[in-house]
Amino acid sequence: KEYEVEHYTPKTEEPVGASKETCATIVKLSGKITSGSTEVTGLASTAGLAVGTEVAGSGIPAGTKITSVKSATIVVLNNKATKTETTTLTFTTPTGYEYRAGQKLCVEKGKAGYTYHEPETLYAKSCQGGDTYGSKGFCEYENKSSGCDAENMSAAEDPNKWGYLEGPVIDAAILSTHHSFIVDNFKCGKQLGELNVWGSIAQFWRGPVGTGGGAGTGYIKNYNYDNRLATEQPPNFLTPSTNSWKSMRVTAPPNGFEG
């Protein structure tokens, strides 16, 4: 069995840097540095630069970062320059994305309560209890109770928020091309009255919906054929995905045949 949890696809970007493992924007700009000063002047633009942007180049000590953007052409660093010259500096601004080594990709950080799943490039909320994450935002669970020691599931307990239904009425033309129309765990829980179907049921094999009797479980079948289906096609009725027949040969009737 499975149920869907909240999930979303994050934004991604290609990593940069010599190792191709850096999630950042790299810009090279010419600027003037002065020995003993923390200012870089004469930049063509400071657009895209920010506090925390790493700065590297001739006359710039290792570990240098921008502490403030003073103007459209000037930034202030946390370390003083060791030379006086106009030089090309490399500005590396982290994007806040996380490098995923398994994908060699930079992925935006997830929202609180979401877990990242490779290689789907997908964030999803955690599954309930000990359920296992499958794929595409769906969690898988298994009913391992052999003794039916649990009561019927309420809407609050049901991952799909349905809960048990007493005496449901279904108006439909039901088709199962490979399996059956069946009630899950029909041997467990209390009696839920009649399962009322008005329409038709076409299935590969007949499916149980309860055990019946005085101490039975599940439902008692109350199936009613809708005679309109003998001449009218139901709305939105799907064409079976597979057919067991195909046209092998077509023979024209003999001349004069009036059958």
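This is a predicted model: local features need pLDDT of at least 70, side-chain atom pairs count only at pLDDT 80 or more; totals for chains, interfaces and linings use all residues.
How many bridges join E10 to strand E11? There are four, and the two strands run antiparallel. Strand E11 covers residues 105–108. If you want a spot to look at, find Arg100, which stands opposite Leu105 in E11.

E10 and E11 belong to an open sheet of three strands, and the order is E3-E11-E10, with antiparallel pairing. Strand E3 (12–13) and strand E10 (97–100) each have a single partner strand, so they stand at the edges, and one side of each has no neighbour in the sheet. In general, strands of a sheet pair through backbone hydrogen bonds, either parallel or antiparallel.

Stay with E11 for a moment, since it brings us to the cysteines. The structure holds two disulfides. In one of them, Cys23 and Cys106 have their sulfur atoms 2.1 Å apart. Where do these two sit? Cys106 is in strand E11, and Cys23 is in the loop between E3 and strand E4 (24–33), so this pair ties together parts that are 83 residues apart in sequence. The torsion about the S-S bond is about -95 degrees, so we call this disulfide left-handed. Cys23 is buried at 10% relative accessible area, and Cys106 is buried at 0%.

The other disulfide joins Cys127 and Cys139, with the sulfur atoms 1.9 Å apart. Here Cys127 lies in the loop between E13 and strand E14 (132–135), while Cys139 is in strand E15 (residues 138–140), twelve residues away. The torsion is about -85 degrees, so this disulfide is left-handed. As for burial, Cys127 has a relative accessible area of 18% and counts as buried, and Cys139 is buried at 0%.

On to the rings. We get three aromatic pairs in this model. Take Tyr8 and Tyr123: is that pair stacked or edge-to-face? Planes under 30 degrees apart count as stacked. The planes here are at 25 degrees, with the centres 5.4 Å apart, so the pair is stacked. Tyr8 lies in strand E2 (residues 7–8) and Tyr123 in strand E13 (residues 122–125), so the pair ties together parts 115 residues apart in sequence.

Tyr123 also forms a pair with Tyr116, and that one is tilted, at 5.0 Å centre to centre and 55 degrees between the planes. Within it, Tyr8 is buried at 16%, Tyr116 at 12% and Tyr123 at 2%. And look above the ring of Tyr8: the charged end of Lys111 sits over it, 4.6 Å from the centre.

Last stop, two threonines. Thr46 is in the loop between strand E5 (39–41) and strand E6 (54–56). Is Thr46 buried or exposed? Buried means under 20% relative accessible area, and Thr46 has 9%, so it is buried. Its side chain reaches the backbone oxygen of Ser71 at 3.0 Å. Beyond its sequence neighbours within four places, Thr46 touches residues including Val69, Ser71 and Val75.

Thr90, meanwhile, sits in strand E9 (residues 85–94). Its side chain makes a polar contact of 2.9 Å with the side chain of Lys28. Again leaving out neighbours within four places in sequence, the contacts of Thr90 include Ile26, Glu54 and Ala56.

Notes
Residues are numbered from 1 along each chain as its sequence is written. Side-chain values use heavy atoms; hydrogens and water are left out. Two strands pair if DSSP finds at least two bridges between them. A polar contact is a pair of N or O atoms within 3.5 Å; within protein, one must be able to donate a hydrogen and the other to accept it, and residues adjacent in sequence count only if both atoms are side-chain atoms. Contact means heavy atoms within 4.5 Å. Buried means under 20% relative accessible area, exposed over 50%, partly exposed in between (1.4 Å probe, protein chains only). Rings of Phe, Tyr and Trp (its six-membered ring) pair if their centres lie within 6.5 Å; planes under 30 degrees apart count as stacked, over 60 as edge-to-face and the rest as tilted. A charge sits over a ring if NZ of Lys or CZ of Arg is within 6 Å of the ring centre and within 35 degrees of the ring normal. A disulfide is a pair of cysteine sulfur atoms within 2.5 Å.
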